[in-house]
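Welcome! Please take a look at the structure below before reading on.

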Amino acid sequence: MAKRRRFTPEFKAEVVIEALCGQSSQAELCRKHNISDAQLSTWKRQLLENASTFFEPVDKKTNASQQRITQLEQLVGRLTLELDIQKKVSTLLS
(Lines give C-alpha, C1' and ligand atoms only; values in the text may rest on other atoms or scores of the structure.)
Protein backbone atom coordinates (compact mmCIF):
# COMPACT_ATOMS: atom_id res chain seq x y z
CA MET A 1 0.00 0.00 0.00
CA ALA A 2 1.36 3.41 -0.97
CA LYS A 3 1.98 5.87 1.80
CA ARG A 4 -0.14 8.99 1.53
CA ARG A 5 1.86 12.16 0.96
CA ARG A 6 1.19 15.29 2.97
CA PHE A 7 1.84 18.76 1.62
CA THR A 8 2.50 21.84 3.72
CA PRO A 9 0.29 24.89 3.30
CA GLU A 10 3.37 26.78 2.11
CA PHE A 11 3.99 24.23 -0.66
CA LYS A 12 0.33 24.33 -1.74
CA ALA A 13 0.34 28.13 -1.86
CA GLU A 14 3.57 28.18 -3.84
CA VAL A 15 2.27 25.74 -6.45
CA VAL A 16 -1.13 27.46 -6.76
CA ILE A 17 0.44 30.90 -7.15
CA GLU A 18 2.75 29.46 -9.77
CA ALA A 19 -0.31 28.06 -11.58
CA LEU A 20 -2.25 31.33 -11.35
CA CYS A 21 0.68 33.33 -12.73
CA GLY A 22 0.37 31.36 -15.95
CA GLN A 23 4.08 31.03 -16.65
CA SER A 24 3.69 27.25 -16.83
CA SER A 25 0.72 25.16 -17.80
CA GLN A 26 -1.16 23.20 -15.17
CA ALA A 27 0.04 19.94 -16.71
CA GLU A 28 3.67 21.08 -16.53
CA LEU A 29 3.31 22.06 -12.88
CA CYS A 30 1.72 18.70 -12.06
CA ARG A 31 4.60 16.83 -13.67
CA LYS A 32 7.18 19.14 -12.06
CA HIS A 33 5.76 18.67 -8.54
CA ASN A 34 4.50 15.11 -9.06
CA ILE A 35 0.90 15.87 -8.17
CA SER A 36 -2.36 15.08 -9.95
CA ASP A 37 -4.25 17.58 -12.05
CA ALA A 38 -7.31 17.12 -9.82
CA GLN A 39 -5.24 17.90 -6.71
CA LEU A 40 -3.95 21.15 -8.17
CA SER A 41 -7.46 22.12 -9.27
CA THR A 42 -8.74 21.47 -5.74
CA TRP A 43 -6.01 23.64 -4.22
CA LYS A 44 -6.76 26.45 -6.68
CA ARG A 45 -10.49 26.28 -5.90
CA GLN A 46 -9.81 26.32 -2.15
CA LEU A 47 -7.54 29.35 -2.46
CA LEU A 48 -10.01 31.27 -4.58
CA GLU A 49 -12.96 30.41 -2.29
CA ASN A 50 -11.07 31.51 0.84
CA ALA A 51 -9.17 34.48 -0.60
CA SER A 52 -11.59 37.03 0.83
CA THR A 53 -10.93 35.88 4.40
CA PHE A 54 -7.26 36.71 3.92
CA PHE A 55 -8.11 40.40 4.07
CA GLU A 56 -10.25 40.19 7.21
CA PRO A 57 -8.70 41.82 10.24
CA VAL A 58 -7.10 39.37 12.62
CA ASP A 59 -9.18 40.85 15.44
CA LYS A 60 -12.39 39.72 13.74
CA LYS A 61 -11.15 36.12 13.50
CA THR A 62 -9.94 36.02 17.09
CA ASN A 63 -13.08 37.76 18.32
CA ALA A 64 -15.28 34.98 16.90
CA SER A 65 -13.04 32.37 18.49
CA GLN A 66 -13.09 34.21 21.81
CA GLN A 67 -16.90 34.38 21.76
CA ARG A 68 -17.08 30.62 21.15
CA ILE A 69 -14.66 29.97 24.03
CA THR A 70 -16.79 32.16 26.32
CA GLN A 71 -19.94 30.22 25.37
CA LEU A 72 -18.22 26.91 26.04
CA GLU A 73 -16.89 28.10 29.41
CA GLN A 74 -20.41 29.13 30.43
CA LEU A 75 -21.72 25.73 29.40
CA VAL A 76 -19.03 23.96 31.43
CA GLY A 77 -19.93 26.11 34.45
CA ARG A 78 -23.63 25.25 34.15
CA LEU A 79 -22.93 21.54 33.75
CA THR A 80 -20.57 21.57 36.73
CA LEU A 81 -23.24 23.25 38.86
CA GLU A 82 -25.87 20.70 37.76
CA LEU A 83 -23.51 17.83 38.58
CA ASP A 84 -22.78 19.25 42.05
CA ILE A 85 -26.53 19.53 42.73
CA GLN A 86 -27.11 15.96 41.59
CA LYS A 87 -24.30 14.70 43.85
CA LYS A 88 -25.78 16.51 46.89
CA VAL A 89 -29.26 15.18 46.17
CA SER A 90 -27.86 11.68 45.75
CA THR A 91 -26.10 11.79 49.14
CA LEU A 92 -29.21 13.19 50.85
CA LEU A 93 -31.39 10.42 49.45
CA SER A 94 -28.99 7.66 50.45
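This is a predicted model: local features need pLDDT of at least 70, side-chain atom pairs count only at pLDDT 80 or more; totals for chains, interfaces and linings use all residues.

This report walks through helix packing, the nonpolar core and the salt bridges.

Helix α1 covers residues 9-21, and helix α3 covers residues 37-54. Their axes come within 10 Å and cross at roughly 90°. Since angles of 65 to 115 degrees count as roughly perpendicular, α1 and α3 are therefore described as roughly perpendicular to each other.

Which residues in α1 and α3 meet? From α1 come F11, K12, V15, V16, A19 and L20, and they meet L40, W43, K44 and L47 in α3. Sorted by class, this contact has eight nonpolar residues, two charged residues and no polar ones.

In soluble globular proteins, nonpolar side chains tend to be buried together. Here, the largest nonpolar core has eight residues in all: V15, V16, A19, L29, C30, I35, L40 and W43. Each of α1, α2 and α3 supplies at least two residues of this core. Helix α1 gives the most, with three residues.

What is I35 in contact with, once its neighbours within four places in sequence are left aside? The partners are R5, F7, V15, C30, L40 and W43. Among these, V15, C30, L40 and W43 belong, like I35, to the largest nonpolar core.

## Two salt bridges

How many salt bridges does the count come to? The answer is two, and you can find each of them in the model.

Is E18 buried or exposed? E18 counts as buried because its relative accessibility is 18%, where buried means under 20%. K32, by contrast, is exposed, with a relative accessible area of 56%.

The other salt bridge is formed by R45 and E49, whose closest N and O atoms are 3.6 Å apart. Both residues lie in helix α3, four residues apart, which is about one turn of the helix. R45 counts as partly exposed at 43% relative accessibility. E49 has 51% relative accessibility, so E49 counts as exposed, the cut-off for exposed being over 50%.

Terms used
Residues are numbered from 1 along each chain as its sequence is written. Side-chain values use heavy atoms; hydrogens and water are left out. A salt bridge is a side-chain nitrogen of Lys or Arg within 4 Å of a carboxyl oxygen of Asp or Glu. Buried means under 20% relative accessible area, exposed over 50%, partly exposed in between (1.4 Å probe, protein chains only). Axes are lines fitted to C-alpha atoms, for helices over the stretch in contact, and angles run from 0 to 180 degrees between N-to-C directions. Angles under 35 degrees count as roughly parallel, over 145 as roughly antiparallel, 65 to 115 as roughly perpendicular and the rest as oblique. Contact means heavy atoms within 4.5 Å. Ala, Val, Leu, Ile, Met, Phe, Trp, Tyr, Cys and Pro count as nonpolar, Asp, Glu, Lys and Arg as charged, and the others, Gly among them, as polar. A nonpolar core is a set of buried Ala, Val, Leu, Ile, Met, Phe, Trp, Tyr and Cys residues joined through side-chain atoms within 4.5 Å.
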